[in-house]
2 protein chains.
Amino acid sequence: MKIGIIGAGSIGGNLGRGWAKAGHEIRFGVRKPEAAAELVAECGERAQATDVQTAAAFAEVVVVSTPYNALPEVVSSLGDLEGKVIVDATNPVAWDKGPTHGSSTSAAEEIAAAAPGARVVKAFNTFGAEHLLDPKFGDRTLDVYIAGDDADAKASVAALVEALGLVPVDAGPLRNARLVEHLAVLWIHLATQGGLGRDIGFSLLRK
Amino acid sequence: MKIGIIGAGSIGGNLGRGWAKAGHEIRFGVRKPEAAAELVAECGERAQATDVQTAAAFAEVVVVSTPYNALPEVVSSLGDLEGKVIVDATNPVAWDKGPTHGSSTSAAEEIAAAAPGARVVKAFNTFGAEHLLDPKFGDRTLDVYIAGDDADAKASVAALVEALGLVPVDAGPLRNARLVEHLAVLWIHLATQGGLGRDIGFSLLRK
């Protein structure tokens, strides 16, 4: 799959590493492509760093993994997103102080409003970036909660979750991104002020 | 421990069954004590059904497991709650439509505001009542996320969680009841519209 990753921080970087290894084509969309040279080298020949708009134009799936505060500027700089799958991995939280939005909307819904025609999916926001490349906890594996209104887009993202060895859980329509964003705040609390550290993550048990 | 359970529905009933079996003293506080006769008989000699205020006055720990809509009336009818541990097991949700509160407050915080001097703890709201008596999922056990501002109160509730064979997870201060209430909505979605059924529940993995 052709994947554009906007933002080459810890989440975006590890998504790129994992997906490149799994055989996907990666374009990191960043302000300074030369600053991502080391990451690109790690990912091998299937990865390049480009400007943001080139990465988005290249991709079938565009992952937004910038800081949440950068979102409005980032989305408006991506060019035509019609029909593309947009994966929102951001966390609109005031650190350990709860979601910035309340429950009346979510970062994912904001992106959908700003990019009509794009198929927005919330995912990859409920644990630390390191777990993307090491998702096993003993005999169990970390979940990725996926919210979105387009079934095909969610299926594509679920396949990308599985390509990393994680477990996709369909969390419902895009409005449920509100729930998934709250779950991220619970993870952040437990990992930081809660004192459990970052080696934790949620798993949905099934009988 | 002396436990008052306000509301003898599926959650309150199973909490009482489990705790009576574990040796705790139970008073079900209900409108019509005679209607709870079968439940009381199941719980054995350590349980009685009384009116709401008698159950609250008896108890060190008062569990509120009524429908959320009944909360204002229930809390005002409990009498003096000074120093008592109040466990809020309610779910302020419009069924599968998200929390009724947004993120600006929570049912647990409403109870705390209505009962100054009480030590309110959110717990037991993130899965179906049947799992209270059967919390094993293969080799893993369901979590109970506990939010509250009083450490001793949370420790008491954690002990009551363990008495049922469940795993207590300290989810932080009472304001994090907002997060725990959102987690309940995610469970409800997954179990109902999400199609997974009720035999699911969250577990925090640790490395």
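**Notes on the predicted model**

1. Let's start with A:E34, which sits in the loop of chain A between β2 (25-29) and α2 (37-43). Please keep in mind that this is a predicted model. Is A:E34 buried or exposed? Its relative accessible area is 59%, so A:E34 counts as exposed, the cut-off for that being over 50%. Along the chain, A:E34 and A:T50 are 16 residues apart, and 8.7 Å separates their C-alpha atoms.

2. Next, the sheet. Eight strands of chain A form an open sheet with mixed pairing, in the order β3-β2-β1-β4-β5-β6-β9-β10. At its edges are β3 (47-50) and β10 (167-172) of chain A, each pairing on one side only. From one strand to the next, the twist averages 25 degrees.

3. One pairing to look at is that of β6 (residues 119-122) with β9 (residues 143-148) in chain A: the two run antiparallel and are joined by two bridges. Here A:V121 stands opposite A:G148 of β9(A).

4. Which helices pack on this sheet? Helix α5 (residues 107-114) of chain A touches β5 (85-88) and β6 of chain A, and its direction makes about 170 degrees with that of β6(A). From chain B comes helix α7 (residues 177-191), which touches β9 and β10 of chain A; its direction makes about 95 degrees with that of β10(A).

Key: Residues numbered from 1 in each chain as written. Chains lettered and ligands numbered in written order. Predicted model: local features only at pLDDT ≥ 70, side-chain atom pairs only at ≥ 80, totals over all residues. Heavy atoms only, no water. Helix = DSSP H or I, 4+ residues; strand = E, 2+ residues; numbered from the N terminus. Buried < 20%, exposed > 50% of the residue type's maximum accessible area, 1.4 Å probe, protein only. Pairing = 2+ DSSP bridges. Axes fitted to C-alpha atoms, helices over the stretch in contact; angles between N-to-C directions. Contact = heavy atoms within 4.5 Å.
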